[in-house]
Amino acid sequence: MVMMLKKTVKKGLIGGMSFAKDAGKINWFPGHMAAATRAIRSRLKLSDLVIEVRDARIPLSSANEDLQSQMSAKRRIIALNKKDLANPNVLNKWTRHFESSQQDCIAINAHSRSSVMKLLDLVELKLKEVIARQPTLLVMVVGVPNVGKSALINSVHQIAASRFPVQERLKRATVGPLPGVTQDIAGFKIAHRPSIYVLDSPGVLVPSIPDIETGLKLALSGSVKDSVVGEERIAQFFLAILNIRGTPLHWKYLVEGRNEGSHADCIDKPSYNLKDLRHQRAKQPDSSALHYVGDMISEVQRSLYTTLSEFDGDIENENDLECLIEQQFEVLQKALKISNKASEARLMVSKKFLTLFRTGRLGPFILDDVPETVTDPPKSRRVVVL
């Protein structure tokens, strides 16, 4: 499956053309990233601990390779954020992979207090020997864009406010759904005796991403702006992953279950924007909106299941796979209730489909394949006492 996906991407099936002028490399390196990278390098030298935040759905692809050598020389914790959007079984294999390499790794949800508390406990454990001899400690949070660094900082602030007598007013980091929100390095004091400061840094990528597959995974997860790669091309890539892995075939029982308990006949379906799917603190969608969204998701899954299960071509043939993806775009347009007359129908389909993935509505996914060296732990034997 891994080789099939790599050959598909290399051929240029996704979008039918190169991703950039220089033979497929994805380039998104705004001016602030160059300056931020230099600043991060200089501050890493002074840090007592580095929390490298990665996206749990792409635990390997979301690593900034240009900073790995410098971070590996420091005390480091790899925090796989957005674990609520990742397949827990596969995520456990990834944490074992990092631990087997003598690297501290923990899966977190930056919006969960209990999850962040576990990370802080690990931070204190890693700094235990340093606390005894240094009055001031510096923890630096690093990661590529949109992996949830600022959300983690805000959660740490809330916990620190209840655990430590912080005198200064706690600032909040700016959080947004688009990459590139944080554009400077800000320091936040989270504790006294010893004084512990956390540095929130901007998300930075390498100047050029030569591996197209890695670049597309970053784009699919929101670490690269959609406009750099193109929403349609990103959606095609996601469909290729789903089809090659056979994921829609596992939706059969979900589709059948939802069809049996469908509310379609008893509820009027008003028109809702997919922005309603995003978490809102002030106003939650009403029950009719939730039923509408649920029916739409069910229809999307049913459509993808049907097209793949009835597909009579060879999924390992690039041309056949391309034809299948074209069919799925057509059924998705109907499932997402996009008018045939819409001049930008494919773009609208792509945007809505990507929103379903990024908000976790299609289920938990991990896009990176687990290294072959990682195996499942042996099943425990049941001991019967006679």
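Throughout these views, a residue is buried when its relative accessible area is under 20%, exposed when it is over 50%, and partly exposed in between (1.4 Å probe, protein chains only). The model shown is predicted: local features need pLDDT of at least 70 and side-chain atom pairs count only at pLDDT 80 or more, while totals for chains, interfaces and linings use all residues. Residues are numbered from 1 along each chain as its sequence is written, and side-chain values use heavy atoms, with hydrogens and water left out.

**View 1. The whole chain, to get your bearings.** You will find 13 helices and six strands here; these are DSSP runs numbered from the N terminus, with helices being H or I of at least four residues and strands E of at least two. Of the 386 residues in the chain, 49% are buried. Contact means heavy atoms within 4.5 Å. Among contacts between residues at least 6 apart in sequence, 75% join residues at least 24 apart.

**View 2. Arg76 and Glu52 in a salt bridge.** A salt bridge places a side-chain nitrogen of Lys or Arg within 4 Å of a carboxyl oxygen of Asp or Glu, and by this rule the count comes to eleven. In the pair shown, the closest N and O atoms of Arg76 and Glu52 are 2.9 Å apart. Arg76 belongs to strand 2 and Glu52 to strand 1 (residues 49-55), so the pair links distant parts of the chain, 24 residues apart. Both Arg76 and Glu52 are buried. Look for Arg54 as well: Glu52, Arg54 and Arg76 are linked in a network of salt bridges.

**View 3. Arg346 with Glu232 and Glu326.** The side chains of Glu232 and Arg346 form a salt bridge with an N to O distance of 2.9 Å. Glu232 sits in helix 9 and Arg346 in helix 13, so this pair ties together parts that are 114 residues apart in sequence. Arg346 also forms a salt bridge with Glu326, where the closest N and O atoms are 3.2 Å apart.

**View 4. Helix 7 packed against helix 9.** Two packed helices are described by the angle between their axes and the distance between the axes. The axes are lines fitted to C-alpha atoms, for helices over the stretch in contact, and angles run from 0 to 180 degrees between N-to-C directions. Helix 7 (residues 212-221) and helix 9 (residues 231-245) have axes that come within 10 Å and cross at roughly 105°. Helix 7 is therefore roughly perpendicular to helix 9, a label for angles of 65 to 115 degrees (under 35 is roughly parallel, over 145 roughly antiparallel, and the rest oblique). From helix 7, Glu213, Leu216, Lys217, Ala219 and Leu220 make the contact, and from helix 9, Ile234, Phe237 and Phe238. By class, this contact has six nonpolar, no polar and two charged residues. Here Ala, Val, Leu, Ile, Met, Phe, Trp, Tyr, Cys and Pro count as nonpolar, Asp, Glu, Lys and Arg as charged, and the others, Gly among them, as polar.

**View 5. Helix 7 again, now with helix 13.** The axes of helix 7 and helix 13 are 9 Å apart, and the packing angle is about 85°. These two helices are therefore roughly perpendicular to each other. Ala219, Leu220 and Ser221 of helix 7 meet Leu354, Phe357 and Arg358 of helix 13. Four nonpolar, one polar and one charged residues make up this contact. Ser221 is buried, at 3% relative accessible area. Not counting residues up to four places away in sequence, Ser221 touches Asp55, Arg57, Ile58, Asn146, Arg358 and Leu367.

**View 6. Lys149 and its surroundings.** Lys149 is part of helix 6 (residues 149-163). This lysine is buried yet has no salt bridge; Asp200, the nearest side chain of opposite charge, is 5.7 Å away (Lys and Arg count as positive and Asp and Glu as negative; His and the chain ends are not counted). Beyond four places away in sequence, the residues that Lys149 touches include Val53, Val141, Asp200 and Pro202.

**View 7. Lys82 and Gln102, with positive phi.** Most residues other than glycine have a negative phi. Lys82, in the loop between strand 2 (76-81) and helix 4 (88-100), has a phi of about 70°. Gln102, in the loop between helix 4 and strand 3 (104-107), has a phi of about 60°. Lys82 is buried, with a relative accessible area of 16%, whereas Gln102 is exposed, at 72%. The C-alpha atoms of Lys82 and Gly360 are separated by 9.9 Å, although the two residues are 278 apart along the chain. Gly360 lies in the segment after helix 13 (345-358).
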